[in-house]
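Please look over the fold of the two chains shown here.

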Amino acid sequence: MYHSWWFITLLILICVNLIICSLERLPKTLKLINTPMKPAGETVIKTLPVRKELKVKANLKAVKDEFFNSLAASGFHVSESTEGDSAELYSQKGKYSRLGLYIVHLSILLIFTGAIIGARFGFGGFLNLPEGETSDVAYTGGGKTIPLGFTIKCNWYNTDYYRGSDMPQEFQSELVVIEGGREVLKKVIEVNNPLTYKGITFYQSSYGMIPNAAGVFILKVTPVRGTEHVLNVQIGDTFEMPGTGLKGTINGFSPALTRDPTTGNLITYSDKLINPAVLIQFSEAGKQSFTGWILKRYPETGVLPQGHKVEFFDYWGVEYTGLQVSRDPGVWLIYLASIIMSIGLYIAFFMSNKKIWVRISPDVSGGKSFVKISVGGSASKNRLSYEKEVERIIAKATGAIEERSKK
Amino acid sequence: MTGETFFTISGLSYLLAMVVYITYLAARKNAVGAAATTITVFGFVSQTIALLMRWGDSYNFWIETSPPTTLILSLLRSAPLRNLYESLIFFVWCLILIHLIIEFRYKIRSLGAFVTPLAALTLVFIDVSGTSKEIQPLVPALQSNWLLFHVLISFLGYAAFGVSFGAGVVHLILLTESREDKAYIFWSIIVGIFIIILVAMGFDFFSVSAAKPEEVIQNYFLKSTFRSSSGGIVAISWIASVAFLFIIWRYGLGLKKILTGLSLTADLLDEITYKSIAIGFPLFTVGGLIMGAIWANSAWGKYWSWDPKETWSLITWFVYALYLHARFAAGWRGKRVTILAVVGFITVICTYLGVNLLLSGLHAYGSE
């Protein structure tokens with residue numbers, strides 16, 4: 001459905017709509033930004049959404065200077081005009097915050113562009129690679145073969161489990177990139193940690209068992225007071241614990257060994273390598289000494305009575321790693337658009353165009369002379385918080401005026 | 001005391017706070033309001049303790065069962081945001097946090113009567129839906145540093161939307177004058193369904209309490225009423241619901257009288273609805289959509305797969321974008337735009353619960 005013609009058409013219509021609406025509004029916004037502020041006059045100030053009025057007993061110039069300082073401290077670039085005895089300070093800040101929504105709209109268009117680039121020039125495919133094998137191609141869902149331009153090899157695949165449970169903790173594969181017969185890159189990938197080479201990324205996506213594969217047991221054997229040796233053996237093979245004369249024969253294997261809780265018998269409960277175990281028959285000087293299961297996930301099962309250690313390191317060559325293979329040349333644009341969108345949203349929602357007018361005029365009431373201060377302001381957003389800011393500006397200025405009159 | 005005890009204390013506190021907030025609406029005594037706030041704060045503190053204790057427990061669990069990692073990585077991997085239970089608990093925590101911030105900032109208590117029921121609804125839902133409360137190992141796909149930020153920020157966004165829903169409903173109640181008004185019918189149905197589900201889950205809760213612990217794993221959601229095995233009970237539930245919706249519609253104007261007496265103005269509610277969306281929308285966009293897309297790209301090689309969760313969150317995003325455009329570009333105010341805010345939260349519920357419980361997809365972790 002999401003790739004049908006009508007859905008794509010809808011997406012294109014959204015883009016067209018976005019472009020047309022933004023272009024229609026943009027000139028008005030630019031006009032708002034570019035129109036210089038003018039003094040407002042007493043009557044206009046009284047109609048503004050934020051308005052305060054107060055009277056102080058002080059010198060008019062002192063009042064004007066302190067309001068000037070207080071506004072400047074709040075980040076306003078103040079202009080002033082005089083008209084008769086009265087003076088007016090006016091200023092604005094954050095006028096470019098009005099462009100925030102256009103930044104968000106632009107980022108949406110960039111995301112669509114990135115998606116188109118990805119769909120046109122990228123691909124998404126998969127590759128099931130058995131342990132030890134190589135491939136020069138990946139496959140799409142439609143069965144098409146995509147040449148990689150280099151060779152990819154899977155050294156091994158492994159599932160880690162949480163201790164004491166059969167919940168997978170991590171799926172891992174060691175991948176090698178081979179180019180011109182040379183190993184150029186080697187990395188252990190896991191879910192959330194892919195390998196990228198020449199723009200093509202390999203993601204750990206699934207795994208499985210190769211049917212009828214005969215694997216190799218990788219054993220790490222350490223005699224008491226000896227060093228570790230790595231052995232590769234197959235079913236039926238016999239190996240020797242170096243320098244001891246103790247021999248081991250691989251007699252059996254279970255991909256998932258457990259003890260049946262009701263009968264007490266050992267059983268295999270899955271055909272996947274959930275709890276791999278190898279049955280080894282040990283003999284010394286031709287006489288069978290003992291037989292035991294050694295479990296990969298429980299190394300303590302590999303400590304022999306004499307103190308020698310046999311670690312069942314891996315059963316190799318029976319699993320394949322399932323890789324998601326993709327190339328998306330548009331993804332950098334998606335990331336860039338995401339950053340732009342975050343910035344745009346911040347500007348659009350948390351910044352606003354704030355305007356303020358402060359009119360200062362002499363006033364006589366009750367036979368005493370005062371300075372009357374009318375403050376008016378408007379904000380494109382968050383009026384309530386702007387009102388608090390205006391109150392702080394006034395408080396700062398009046399505080400300073402009082403300080404002055406004390407001196 | 002265990003974390004579980006603190007969760008229970010916080011849950012009971014929110015339920016009690018809901019009752020006291022509603023009493024405050026009717027009694028209009030400041031002391032009652034103060035009591036409601038105190039109980040909510042108390043519940044919030046115990047929930048915070050519970051969350052930290054659960055984090056500690058799952059940290060120990062991680063240390064015991066996983067290969068050794070650095071302290072910071074272990075803390076990140078054990079953040080209690082991994083399944084439906086933990087995320088719903090966290091949603092309630094965010095909801096109460098944002099509610100308390102608004103209550104202190106705007107000095108309005110009455111909103112609590114509409115936000116705490118949402119918290120109570122969520123908490124009761126956890127108990128009746130049979131979601132597992134066990135600390136579970138983190139599946140490989142979730143082992144990413146994005147988990148904490150993606151879930152944390154999305155849920156703060158959801159909670160902000162939840163508050164806008166509460167404020168929006170109250171706003172609609174205040175704005176509508178007559179029973180023939182479409183907006184009146186809309187809010188009476190929303191409030192009615194809300195209360196019906198709350199009551200129905202109350203019945204479920206008692207049947208869960210009566211059940212043996214080993215049976216509680218199954219989903220009890222609406223099993224005592226609409227999804228009962230007895231046809232008679234289902235029929236009675238539907239008849240009772242329709243009757244209840246009619247009662248709400250018939251006597252809803254009374255609710256308006258109660259609300260008008262409080263320090264609530266339509267302007268203030270409009271402001272809170274808008275403010276919550278203005279906070280929720282950028283959080284949801286960045287935390288939910290953008291971070292989700294980046295994470296998806298690094299885990300699956302696709303930043304957008306049109307899986308049901310992604311599609312529904314895009315629908316949510318469009319509804320709130322529509323709200324913002326209706327408000328700013330078209331200049332809508334009052335009933336029409338507030339209905340959009342309320343519809344927005346319904347899509348949030350679809351995005352969160354509907355997708356996790358009913359549909360399978362890449363985001364199905366939460367259903368376990």
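At roughly what angle do the axes of helix α7 (residues 182-210) of chain B and helix α8 (residues 231-260) of chain B cross? They cross at roughly 125°, and the axes come within 9 Å. This is a predicted model, in which local features need pLDDT of at least 70, side-chain atom pairs count only at pLDDT 80 or more, and totals for chains, interfaces and linings use all residues. Residues are numbered from 1 along each chain as its sequence is written, chains are lettered from A and ligands numbered from 1 in the order in which they are written, and side-chain values use heavy atoms, with hydrogens and water left out.

**The helix pair in chain B**

Axes are lines fitted to C-alpha atoms, for helices over the stretch in contact, and angles run from 0 to 180 degrees between N-to-C directions. Helices (H or I, at least four residues) and strands (E, at least two) are DSSP runs, numbered from the N terminus. α7(B) and α8(B) are therefore oblique to each other. Angles under 35 degrees count as roughly parallel, over 145 as roughly antiparallel, 65 to 115 as roughly perpendicular and the rest as oblique. The crossing of α7(B) over α8(B) is right-handed; that is, the near helix is turned clockwise from the far one by less than a right angle.

Residues of α7(B) in the contact include Tyr184(B), Trp187(B) and Ile196(B). Those of α8(B) include Phe244(B), Trp249(B) and Arg250(B). Contact means heavy atoms within 4.5 Å. By class, the contact of α7(B) with α8(B) has 14 nonpolar, 4 polar and 1 charged residues. Here Ala, Val, Leu, Ile, Met, Phe, Trp, Tyr, Cys and Pro count as nonpolar, Asp, Glu, Lys and Arg as charged, and the others, Gly among them, as polar.

**The two chains**

Chain A has a radius of gyration of 39 Å, well over the 22 Å that the globule rule gives for 407 residues, so chain A is more spread out than a compact globule. Chain B, with 368 residues, has 21 Å, which agrees with the value near 21 Å for a compact globule. The radius is taken over C-alpha atoms; the rule is 2.2 Å times the number of residues to the power 0.38.

**Two sheets in chain A**

One open sheet has 5 strands in the order β1-β22-β21-β3-β2 (chain A), with antiparallel pairing. Two strands pair if DSSP finds at least two bridges between them. β1 (50-56) and β2 (79-83) of chain A are the edges; each has a single partner strand, so one side of each is left without a neighbour in the sheet. Neighbouring strands of this sheet are turned by 15° on average, direction ignored.

β2(A) pairs with β3 (residues 86-93) of chain A over 5 bridges. Ser81(A) stands opposite Glu88(A) in β3(A). Helix α6 (residues 383-406) of chain A packs on the sheet, touching β1, β3, β21 and β22 of chain A.

Another open sheet has 4 strands, ordered β13-β14-β17-β18 (chain A), also with antiparallel pairing. Its edge strands are β13 (238-240) and β18 (287-295) of chain A. The twist averages 30° from one strand to the next. β17 (residues 277-284) of chain A pairs with β18(A) over 8 bridges. Val278(A) faces Ile294(A) in β18(A).
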